[in-house]
Amino acid sequence: MSETSSSAHSGASPGRAGESAASRALRLSGVACLLLMPLAMWLANRSAPLMLGLAAAAFLGAALLSEPVAVSIARLRRLLMVPVALAIAAFLAWALVSIGWSHKPSASLQAWGELVLPIVFALVIAASGQWRRSPAMMRALALAIIVAAALLMIELDSGLSQRAALGTGKMMAFVFNRPAIVLLLLAAPAVHALWSRPAGWPDRALAALLAIVVVVFVFRSESEAAKLGAVVLILCWAFSAIAPRLALAATALAFVLTMALAPVLGLTVDRLMPSAVLNRLDVLSARARIDIWHSFGEVARARPVGGAGFGTSAAMHEHPVATEVLPGSRTLLGVGHPHDMPLQAWAETGVVGAGLLTLAGLLLLARLRRLPAAELAPRLALFAAAFSIATVGHGAWQGWWIAGLGAAILWFAMDAAPRQGDAHG
């Protein structure tokens, strides 16, 4: 089914046959929540889970009003039986089990909930059968991202004068690092959809403007992770468009190697990267980051099978495993997280958790392999960009990050899907 034909079932349509006014109002409310996520991230930089949750509630309500509950449950069952979903579910189950050996079970359980909730919200939206993107919605998303990026750049250029006048939020530019990452993630499906539409130059002009504005904002921000992600996104997209199978194989190889070498990441980078390069990168805290990787790598090697317990990175310096780390490395266990998702998975959930996440990633890449090159390229680029961000950025399980990924996947995966079918791509 083409995007044009699927738009008949989208939020932009005047209404579906037999749809009640209440169901339509809820469905449009859900669409509005997803469209407003970029602006919400400007206002509150951790708000992505809230917007995704509100959208999920609205779509679920619309589904309950428009069809029997058994239909949504059957759709959810089909989604959960996909191999990649089973691998993710296995990881979540193992993470929950690993909380049994956490030194702060309540904090670990809270971290687990922060990870799971956005995943549940995205699944609810997908299983509701109410969410279909349309050309009008993609244009609206593009405009929302452009406006949010412009407002963020105005704040950065004015020294956060608007927030100072309102007396809200932290008066530090790094708070815009999260919006930079989420806007980059959401821009990928919007640019692809608008550029590939047969409507002509207006949509392509909007796609080009969106890409330029987001890239400018990302490089104007203080987020080095977002900058790396933008570079990887552009390069992988171009490479995938030219040689899709080679790009897929290269991405899979890089993914597996990065996951496998995470426990010795600090040692590897320290040995392979010339000191002259490290000195030039000091402005990016490269030396400090490598030392953090050293410290958490020692934790991963000390507890290789089960890890220290899910969610323990936030206070790893207080965990009994800290006594097994060299004295000079213990201090950096108190930084909150290892600034590397694969290493955090190893340190907290051991080889079992890291192995399940690696399996999930490979199954996702295998799923992408079925797509034609034009559809493979942007999705593979988003995968590579998101993984590159995760390897140098924030804590792996933060809700805003998972919600941003979930929203980006929804904008891609639900395109042109039959009303009661699975998400694809």
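**Exercise 1. The pairing of α11 and α12**

Describe how helix α11 packs against helix α12 in this predicted model, starting with the handedness of the crossing.

*Solution.* Step 1: handedness. The crossing in which α11 passes α12 is left-handed.
Step 1: geometry. Two packed helices are described by the angle between their axes and the distance between the axes. For α11 (residues 201–220) and α12 (residues 224–242), the angle is about 145° and the axes lie 8 Å apart.
Step 2: residues. From α11, Val215, Val218 and Phe219 take part, and they meet Ala226, Lys227, Ala230, Val231 and Ile234 of α12.
Step 3: classes. Seven residues of this contact are nonpolar, none is polar and one is charged.

**Exercise 2. The pairing of α8 and α10**

Step 1: geometry. The axes of α8 (residues 135–157) and α10 (residues 177–195) are 9 Å apart, at an angle of about 150°.
Step 2: residues. On the α8 side the contact includes Met138, Arg139, Leu141 and Ile145, and on the α10 side it includes Pro179, Leu183, Leu186 and Pro189.

**Exercise 3. The setting of isoleucine 125**

Is isoleucine 125 buried or exposed, and which residues does it touch?

*Solution.* Step 1: location. Isoleucine 125 belongs to helix α7.
Step 1: accessibility. Isoleucine 125 is classed as buried because its relative accessibility is 0%, and the cut-off for buried is under 20%.
Step 2: neighbours. Leaving out residues up to four places away in sequence, isoleucine 125 touches Leu34, Leu52, Ala55, Ala56, Phe59, Trp131 and Leu410.
Step 3: separation. Leucine 410 is 285 residues from isoleucine 125 in sequence, yet their C-alpha atoms are 8.3 Å apart.
Step 4: the whole chain. Of contacts between residues at least 6 apart in sequence, 78% join residues at least 24 apart. Of the 425 residues, 53% count as buried.

**Exercise 4. The largest pocket**

How much space lies in the largest pocket, and what lines it?

*Solution.* Step 1: volume. The largest pocket holds about 1,500 Å³ of space.
Step 1: centre. The lining comprises 46 residues, of which Val84, Ile88, Leu364, Leu405 and Ile409 are closest to the centre.
Step 2: elements. The protein has 20 helices and zero strands. Those giving two or more residues to the lining are α5, α6, α7, α13, α18, α19 and α20.
Step 3: classes. The lining divides into 39 nonpolar, four polar and three charged residues.

Conventions. Residues are numbered from 1 along each chain as its sequence is written. This is a predicted model: local features need pLDDT of at least 70, side-chain atom pairs count only at pLDDT 80 or more; totals for chains, interfaces and linings use all residues. Side-chain values use heavy atoms; hydrogens and water are left out. On a 1 Å grid over the protein atoms alone, a cavity is a set of points where a 1.4 Å probe fits but cannot get out, and a pocket is an open set with protein on both sides within 12 Å along at least five of seven lines; lining residues have an atom within 4 Å of a point. Grid points are joined across faces, edges and corners, and a volume is the space filled by probe spheres set on the points. Helices (H or I, at least four residues) and strands (E, at least two) are DSSP runs, numbered from the N terminus. Ala, Val, Leu, Ile, Met, Phe, Trp, Tyr, Cys and Pro count as nonpolar, Asp, Glu, Lys and Arg as charged, and the others, Gly among them, as polar. Axes are lines fitted to C-alpha atoms, for helices over the stretch in contact, and angles run from 0 to 180 degrees between N-to-C directions. A crossing is left-handed if the near helix is turned anticlockwise from the far one by less than a right angle, and right-handed if clockwise. Contact means heavy atoms within 4.5 Å. Buried means under 20% relative accessible area, exposed over 50%, partly exposed in between (1.4 Å probe, protein chains only).
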